[in-house]
Amino acid sequence: IFNINKYIIYDFFIPQTIYKIWRFNLTFKKTRIRSINKKLKNSISIFKKEGMVLFKLDNKTFKYIKLVNQKLTFKLNNLESCLGMNKIIDSNRPSFKKYRASLLKLINPILLIKIISHSNIYCFLSNIYPKKNIRISYMDIWLDGINHDSFKRSTETRLFHRDESPKDKNKNIIKFFILLSNVKRKNGPFTYIKYSHKKEARKNDQYLKEANDRLLRYTDQSIEKVYGKENIFYFEGKLGKSVFVDTHHGLHKGTIQEPGSTRVMLAVYFKLE
């Protein structure tokens with residue numbers, strides 16, 4: 001029953017509501033949309049160049065994010081160290097991802113709509129791929145760093161990889177992450193390799209060493225050697241910090257947490273077709 005409700009709410013209700021709000025803004029707030037586009041030119045330029053860009057949210061949106069943080073903190077006590085969650089694994093989560101639990105059902109969907117439906121987000125996406133339709137293909141709140149066995153070694157999405165697959169080669173997926181807890185290096189920040197999304201840079205992959213995981217993944221040592229330590233971006237910071245990333249083409253991973261530390265992050269996938 002929960003799976004059915006989850007589909008109706010998060011895969012249908014939230015995306016459809018956000019689209020309608022975006023369309024309303026386009027129809028009745030054209031002047032404002034144009035002015036926002038001018039402010040976003042620099043962000044768009046950085047994103048195209050580096051494959052990622054930090055994205056500043058307005059004060060109103062931050063208030064909603066803070067409210068999400070307060071609700072999660074009330075239910076989980078300490079978001080930077082959710083030790084009590086070690087035995088709580090999302091029943092729908094694959095067995096090989098036991099380092100992660102979903103907190104999505106702990107939050108009122110209306111709050112998520114208020115955060116994601118902001119005009120700035122639509123303007124950013126529509127200016128990067130102006131001829132493509134934007135839709136939300138996935139949304140979740142990740143709690144990473146549970147299950148003590150998961151701290152022993154990096155596996156799965158904690159190893160560098162790209163999200164591109166043969167079946168969606170002609171599609172573009174942009175991910176939008178918002179920190180719902182304070183994140184330092186010990187909390188296992190999302191990690192991205194700048195410039196690795198470019199075709200010419202991807203020729204360097206032939207020099208990367210595979211990590212012998214279930215899927216094609218690369219070792220940290222070879223990434224650092226080939227792409228340079230200076231191009232490794234760690235998504236660290238305080239509550240409310242957000243970033244757009246091209247994980248479809250760019251190399252990325254979730255850094256493994258130190259034992260006793262966790263990371264809580266809102267993840268939204270935008271598919272542009």
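Tutor: Start with contacts between residues at least 6 apart in sequence: 87% of them join residues at least 24 apart. Keep in mind that this is a predicted model.

Student: How many helices and strands are in the chain?
Tutor: The chain has 7 helices and 9 strands.

Student: And what share of the residues is buried?
Tutor: Of the 273 residues in the chain, 53% are buried.

Student: Switching to rings. How many aromatic pairs does a search of the whole structure find?
Tutor: The search gives 15 aromatic pairs. One of them is W22 with Y122, a tilted pair. The centres of W22 and Y122 are 5.2 Å apart, with 45° between the planes.

Student: Are W22 and Y122 buried or exposed?
Tutor: Both W22 and Y122 are buried.

Student: Which residues do ring pairs link into a cluster?
Tutor: The cluster consists of Y138, W142, F177, F190, Y192 and Y269. W142 also has a charged neighbour: R100 lies over its face, 3.8 Å from the ring centre.

Student: What sits over the ring of Y234?
Tutor: The charged end of R185 does, at 3.6 Å from the centre of the Y234 ring.

Student: Back to R100. Which residue does R100 meet in a salt bridge?
Tutor: D144. The N to O distance between the R100 and D144 side chains is 2.7 Å. R100 is in strand 2 (residues 100–102) and D144 in strand 3 (residues 134–144), so to speak distant parts of the chain, 44 residues apart. Both R100 and D144 are buried.

Student: How many salt bridges does the count come to?
Tutor: The count is 12 salt bridges. Another one joins K175 and D163, at 2.6 Å from N to O. K175 lies in strand 4 and D163 in the loop between strand 3 and strand 4, so this pair ties together parts that are 12 residues apart in sequence.

Student: Is K175 buried or exposed?
Tutor: K175 is buried, at 7% relative accessible area. D163 is partly exposed, with 25%.

Student: Which residues are linked in a network of salt bridges?
Tutor: E156, D213, R214 and R217. Within that group, R217 forms a salt bridge with D213, and their closest N and O atoms are 3.8 Å apart. R217 is buried, with a relative accessible area of 6%.

Student: New topic, strand 7. Which way do its residues point?
Tutor: Strand 7 covers residues 242–245. S242 and F244 point one way, V243 and V245 the other, and all are buried.

Student: How many bridges join strand 1 to strand 7?
Tutor: There are 3 bridges between strand 1 (residues 52–54) and strand 7, and the two run antiparallel. L54 stands opposite V243 there.

Student: And strand 4 with strand 7, how many bridges?
Tutor: Strand 4 (residues 172–179) and strand 7 are joined by 4 bridges, again running antiparallel. V243 in strand 7 is the bridge partner of F177.

Student: What about helix 4, how many of its residues are buried?
Tutor: In helix 4 (residues 109–116), 6 of the 8 residues are buried, and the helix is mostly covered. The buried ones are P109, L111, L112, I113, I115 and I116.

Student: What does the side-chain oxygen of N108 reach at the start of helix 4?
Tutor: The N108 oxygen comes to within 2.9 Å of the backbone nitrogen of I110.

Student: Last one. Where is T219?
Tutor: T219 is in the loop between helix 6 (199–202) and helix 7 (220–227).

Student: Why does T219 count as buried?
Tutor: Because its relative accessibility is 16%, and buried means under 20%.

Student: What does T219 touch, leaving out residues up to four places away in sequence?
Tutor: T219 touches K209, E210 and A211 on that basis. The T219 side chain also has a polar contact of 2.9 Å with the side chain of S222.

Key
Residues are numbered from 1 along each chain as its sequence is written. This is a predicted model: local features need pLDDT of at least 70, side-chain atom pairs count only at pLDDT 80 or more; totals for chains, interfaces and linings use all residues. Side-chain values use heavy atoms; hydrogens and water are left out. Rings of Phe, Tyr and Trp (its six-membered ring) pair if their centres lie within 6.5 Å; planes under 30 degrees apart count as stacked, over 60 as edge-to-face and the rest as tilted. Buried means under 20% relative accessible area, exposed over 50%, partly exposed in between (1.4 Å probe, protein chains only). A charge sits over a ring if NZ of Lys or CZ of Arg is within 6 Å of the ring centre and within 35 degrees of the ring normal. A polar contact is a pair of N or O atoms within 3.5 Å; within protein, one must be able to donate a hydrogen and the other to accept it, and residues adjacent in sequence count only if both atoms are side-chain atoms. Contact means heavy atoms within 4.5 Å. Two strands pair if DSSP finds at least two bridges between them. A salt bridge is a side-chain nitrogen of Lys or Arg within 4 Å of a carboxyl oxygen of Asp or Glu.
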